[in-house]
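These notebook entries record what I looked up, entry by entry. I begin with a single residue and then turn to the whole.

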Amino acid sequence: MTPPLKAVTLTHVRYQKGDRLGHFLAWISLVPVFISLGGFVSHFLFRRELQGMFFALGLIFSQFINEVIKTSVQQARPATCALLEMCDSHGWPSSHCQYMFFFATYLTLLSLKGLTFWHVRDNPFLHLLTWSLALLTMYSRVYLGYHTVAQVLAGTVLGVSLGAVWFWVVNSVLHPYFPLIEESAFGRRLYVKDTSHISNVLKFEYDMARAERRNLMSNSKED
């Protein structure tokens, strides 16, 4: 007997044909994928900041906790999920909501502390964007039929709680060890760094690039 087929669910989000709001919310549901693949992978390739790397590790740890809880509780998804042919996993708590609210909480705390890439303290636009995406993700999971209200609320509470706890762990417990990681064989080989002591990273890098270009031009003239 041929075993049943199973879809790769990374981007497998369904909505009712002709439902424009559903189409929009289906894309919103993919925001965690875009953040993970587009954001954190790009960050590691081009920035390699310890703050960003521990941010990503926290999200991975959060999703691991989510899977442990889902496996333990084994609460079914709503009946509407049967129409989507995507009910072969448990629903409580919502991993999408947990991811997005962890992300929004951690990024907000970074901004309040002035530790974002551009080091702008308490950026209102950043808060509006991240929390809007988180709330839309929560709404999308219920609207599209993948979760109940209780399941998305559980994911939301877990995401906020874990995001706040992990931020405290990274910036109160682990941060004093950042210089050691920078100077380790791992840090020096992969150019891992911490720029939290620089007031404005963008301006610092801009000034350093201009200074280096002037030095090269000056040396070439002397030659």
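In which helix does V41 lie? I found V41 in helix α2, which covers residues 31-46. I note at the outset that the model is predicted.

I looked up the accessibility of V41 and read a relative value of 40%. V41 therefore counts as partly exposed, since that class lies between 20% and 50%.

**Entry on the overall fold**

I counted the secondary structure elements next. The protein has nine helices and zero strands, and its pattern along the sequence is α-α-α-α-α-α-α-α-α. Of the 223 residues, 40% are buried. The accessible surface amounts to about 13500 Å², and carbon and sulfur atoms hold 68% of that surface. I also checked the contacts with a separation of 6 or more: 72% of them are between residues 24 or more positions apart.

**Entry on the record**

I consulted UniProt, where the entry is unreviewed. The record places the feature "transmembrane region" at residues 24-46, 99-118 and 149-169. I compared two of these spans with the model. Residues 24-46 are 91% helix and 0% strand, and their end C-alpha atoms are 30 Å apart. Residues 149-169 are 100% helix and 0% strand, with 30 Å between the end C-alpha atoms.

**Entry on helix α3**

I moved on to helix α3, which runs over residues 50-73 and contains Q51. Is Q51 buried or exposed? Its relative accessible area is 8%, so Q51 is buried. The side chain of Q51 has a polar contact of 3.1 Å with the side chain of N171.

I60 is also a residue of helix α3. At 56% relative accessibility, I60 counts as exposed, because the threshold for that class is over 50%. I checked I60 against S36: the two are 24 residues apart in sequence, and their C-alpha atoms are 9.7 Å apart in space.

**Entry on salt bridges**

How many salt bridges does the structure hold? I found three.

In one of them, the side chain of R47 meets that of E49 at 3.6 Å, N to O. I looked up the accessibility of both partners. R47 has a relative accessible area of 18% and is therefore buried. E49, at 7% relative accessibility, counts as buried.

R47 also forms a salt bridge with E205, and the closest N and O atoms are 2.6 Å apart. This pair links distant parts of the chain: R47 is in the loop between α2 and α3, E205 is in helix α9 (residues 201-222), and 158 residues separate them. E205 is partly exposed, with a relative accessible area of 30%. I recorded R47, E49 and E205 as linked in a network of salt bridges.

A further salt bridge joins the side chains of K203 and D207 at 2.8 Å, N to O. How many residues apart are K203 and D207 in helix α9? They are four residues apart, which means that about one helical turn separates them. D207 has a relative accessible area of 30% and is therefore partly exposed.

Note on methods. Residues numbered from 1 in each chain as written. Predicted model: local features only at pLDDT ≥ 70, side-chain atom pairs only at ≥ 80, totals over all residues. Heavy atoms only, no water. Helix = DSSP H or I, 4+ residues; strand = E, 2+ residues; numbered from the N terminus. Buried < 20%, exposed > 50% of the residue type's maximum accessible area, 1.4 Å probe, protein only. Contact = heavy atoms within 4.5 Å. Areas by Shrake-Rupley, 256 points an atom, 1.4 Å probe, with all protein chains shown as cover. UniProt positions renumbered as here; feature names shortened; annotations may be inferred. Polar contact = N/O pair within 3.5 Å; in protein donor to acceptor, adjacent residues only side chain to side chain. Salt bridge = Lys/Arg side-chain N within 4 Å of Asp/Glu carboxyl O.
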